[in-house]
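Visitor: Could you walk me through this one? I'd like to learn how to read its features one at a time.

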Amino acid sequence: MRQFTYTCPKTIEEALKAHTSEAAFIGGGTNLVDLMKMGVERPARLININRLPLTSIEEHEGGVRVGALVSNSDAAAHAFIRERYPVLSEAILAGASQQLRNMATMGGNLLQRTRCYYFYDPSYKECNKRTPGTGCAAKQGFNRIHAILGASEACIAVHPSDMCVALSALDAVVQVTGPKGDRSIPFREFHRLPGSMPQIDTNLRPGELITYIDIPPITYARRSTYLKVRDRNSYAFALVSVAAILDLDSGGTLRQARIALGGVAHKPWRATKAEGLLAGKKVNERIVREAAEAELANAKAYRHNSFKVELAQRSIVRAVIAAGEKNA
Ligand code: SF4
């Protein structure tokens with residue numbers, strides 16, 4: 001058994017001071033504890049941050065500010081979020097189970113690690129994300145759940161979160177604090193593509209702590225949907241998911257579409273090509289299909305996941321059409 005120390009700071013300052021290169025912050029622990037049990041994560045020091053005052057959901061600059069320690073359940077059920085950002089509530093409720101959502105925190109959800117089977121099983125020696133420089137067992141192995149966009153020779157894993165797909169479409173901003181002070185990270189820049197360093201999932205700097213997630217005001221955010229396609233209807237990760245938010249004028253022409261994909265890349269994938277092609281068009285299946293095909297034009301599939309290319313295209317069409325039928 002590997003031993004670790006455990007501390008429960010009461011202030012953000014104490015938490016930051018307690019952090020060292022061998023430490024990990026723990027909130028709900030719904031991913032970190034699994035990873036520790038499997039021997040994938042081996043922190044020498046756990047810093048329990050659950051006493052920090054980061055549990056509020058408040059109106060902020062016309063939008064909403066969600067504390068990093070708000071549970072996924074509380075965020076999904078909050079009247080303000082359900083009313084103004086239903087895509088976020090739907091995405092959270094599509095993930096995990098009720099018990100896990102009760103424990104999991106908003107900040108922790110951003111930091112959950114890939115569900116690649118080979119990453120979780122240290123008996124497989126080849127995994128560049130777990131042990132840099134060892135290779136990638138998934139490329140020649142069973143890769144049905146893996147990436148089709150933005151992957152690298154080093155890693156083809158996908159990010160597992162549903163919530164983050166909605167936050168990407170909403171252009172949320174992640175507020176962090178650390179040894180060098182506070183900073184804001186636009187959501188699209190928070191997670192990384194794997195490149196040659198797949199062991200690093202995010203652009204958080206060493207010792208930084210997520211404090212809040214800010215969601216800007218979006219007047220049309222009610223015209224949205226979250227579509228998740230998975231092997232079974234609950235407690236399964238997305239094969240493909242789509243968050244779509246549409247700004248339509250009174251004649252049904254799209255002023256702006258916000259589309260993000262899950263289950264296809266190492267980070268929530270913002271479908272900017274499709275968004276660009278849809279701007280100024282009236283929504284119909286043919287137009288959306290053309291935009292979806294353009295978005296997936298550079299997709300690269302592996303032995304077991306080529307079905308995801310067609311699935312992603314169809315899912316974009318379904319989600320955009322469904323969002324277009326809602327009232328803003
Ligand atoms: Fe490891 Fe990434 Fe390859 Fe999975 S896809 S085995 S996480 S390097």
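Predicted model: local features only at pLDDT ≥ 70, side-chain atom pairs only at ≥ 80, totals over all residues.

Visitor: Where does A151 sit in the chain?

Guide: A151 belongs to the loop that links α9 and α10.

Visitor: And is A151 buried, exposed or partly exposed?

Guide: Buried means under 20% relative accessible area and exposed means over 50%. A151 has 31% relative accessibility, so it counts as partly exposed. For a sense of distance, A151 and A257 are 106 residues apart in sequence, and their C-alpha atoms are 25 Å apart in space.

Visitor: Next, the cores. Which residues have the most contacts inside the largest nonpolar core?

Guide: Those are Y85, L88, L110, L167 and L170, in a core of 41 residues. The element that gives the most to this core is helix α10 (residues 163-169), with six residues. There is also a second, separate core of 32 residues, and L149, L254, V288 and L311 are among its members.

Visitor: Let's take L88 from that list. Which residues does L88 touch?

Guide: With residues up to four places away in sequence set aside, L88 touches I81, M163, A166, L167, L170 and I215.

Visitor: How should I read burial along a helix?

Guide: Start from the geometry: an α-helix has 3.6 residues a turn, so residues three or four places apart point the same way. Now take helix α5 (residues 86-94), which is mostly covered, with seven of its nine residues buried. The buried ones are P86, V87, L88, S89, A91, I92 and A94.

Visitor: What happens just after α5?

Guide: A96 takes a positive phi of about 55 degrees there, although A96 is not a glycine. This residue lies in the loop between α5 and α6 (98-103). With a relative accessible area of 36%, A96 is partly exposed.

Visitor: What backbone angle does D171 have?

Guide: D171 also has a positive phi of about 55 degrees, and D171 is not a glycine. You'll find D171 in the loop between α10 and β6 (173-178). Its relative accessibility is 25%, so D171 counts as partly exposed.

Visitor: One more residue, then. Where is E22, and what does it touch?

Guide: E22 is in the loop between α1 (12-18) and β2 (23-26). Not counting residues up to four places away in sequence, E22 touches P43, A44 and R45.

Visitor: Why does E22 count as partly exposed?

Guide: Because its relative accessibility is 48%, while the exposed class begins over 50%.

Methods: Residues numbered from 1 in each chain as written. Heavy atoms only, no water. Core = buried A, V, L, I, M, F, W, Y, C linked by side-chain atoms within 4.5 Å. Buried < 20%, exposed > 50% of the residue type's maximum accessible area, 1.4 Å probe, protein only. Helix = DSSP H or I, 4+ residues; strand = E, 2+ residues; numbered from the N terminus. Contact = heavy atoms within 4.5 Å.
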